[in-house]
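User: I am new to this structure. Can you show me how to read its features, step by step?

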Amino acid sequence: MILGDLSDTKRVEALHPLLGKLFSYIKEHDFLSDSIGRIELDGDRVFINNDYPILRSQSEQVIEVHRRYLDVHVPLDAPEIVGWKPLCDLKEVQQTYSEEKDCAFYSDRPSTYFTVYPGQFLIVFPEDGHAPIIGEGRLRKICAKIKL
């Protein structure tokens, strides 16, 4: 997992050849003016989900993991609380891994919580169990996917 500021992405862009393309697009784009939905930058290799989810409480939100994609979360108009627990410590499978959706869900409680603010990004890897969209009300955010 990497938490960072959008003004300082150069070092992390070296971790995957498509991160630079993604961060350039994010920095140059006004997602709050765009419609909700999927934005394809490179087919299924890099795409962005521009979303407006209803936030959930810590007790309601489950942990998710992915195998084929990196997630890059960017809150746009308000802070987002995210829970985290390493995949190796997850034991309570709620929904087994779906190849089609690239997702599994766990009902374990996160071992830590932190806040991601507008202007920051969060990258989660397949070994990062994460419980995003925690808080009250609604949140405009993007969640980009980069194929591994």
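Analyst: Let us start with a charge and a ring. Keep in mind that this is a predicted model. Arg67 lies over the face of Tyr97, and the distance to the ring centre is 3.9 Å.

User: Which residue lies over the face of Phe47?

Analyst: Arg38 does, at 3.6 Å from the ring centre.

User: How many aromatic pairs does the structure hold?

Analyst: There are three aromatic pairs. One of them joins Phe47 and Tyr69, with 5.7 Å centre to centre and 70° between the planes. Planes over 60 degrees apart count as edge-to-face, and this pair is edge-to-face.

User: Where in the chain do Phe47 and Tyr69 sit?

Analyst: Phe47 is in strand β3 (residues 46-51) and Tyr69 is in strand β5 (residues 69-75). They are 22 residues apart, so the pair links distant parts of the chain.

User: Are Phe47 and Tyr69 buried or exposed?

Analyst: Both Phe47 and Tyr69 are buried.

User: Now the backbone. What should I expect of phi?

Analyst: Most residues other than glycine have a negative phi. Asp102 is not a glycine, yet it has a positive phi of about 50°. Asp102 is found in the loop between β7 (93-98) and β8 (103-106). Ile133 also has a positive phi of about 50° and is not a glycine either. Ile133 belongs to strand β11 (residues 128-134).

User: Why do Asp102 and Ile133 count as buried?

Analyst: Buried means under 20% relative accessible area. Asp102 counts as buried because its relative accessibility is 4%. Ile133 counts as buried because its value is 13%.

User: Next, the nonpolar core. Which residues have the most contacts inside the largest one?

Analyst: They are Leu22, Phe23, Val72, Phe121 and Ile123, in a core of 23 residues. Two or more residues each come from α2 (19-28), β2 (37-42), β3, β5, β10 (120-124) and β12 (141-147). Helix α2 gives the most, with four residues.

User: What is Val72 in contact with, leaving aside its neighbours within four places in sequence?

Analyst: Its contacts include Leu19, Leu22 and Phe23. Phe121, Leu122 and Ile123 are also among them.

User: Which residues does the second, separate core include?

Analyst: That core has eight residues, among them Ile63, Tyr97, Ala104 and Tyr106.

Methods:
Residues are numbered from 1 along each chain as its sequence is written. This is a predicted model: local features need pLDDT of at least 70, side-chain atom pairs count only at pLDDT 80 or more; totals for chains, interfaces and linings use all residues. Side-chain values use heavy atoms; hydrogens and water are left out. Rings of Phe, Tyr and Trp (its six-membered ring) pair if their centres lie within 6.5 Å; planes under 30 degrees apart count as stacked, over 60 as edge-to-face and the rest as tilted. Buried means under 20% relative accessible area, exposed over 50%, partly exposed in between (1.4 Å probe, protein chains only). A charge sits over a ring if NZ of Lys or CZ of Arg is within 6 Å of the ring centre and within 35 degrees of the ring normal. A nonpolar core is a set of buried Ala, Val, Leu, Ile, Met, Phe, Trp, Tyr and Cys residues joined through side-chain atoms within 4.5 Å. Contact means heavy atoms within 4.5 Å.
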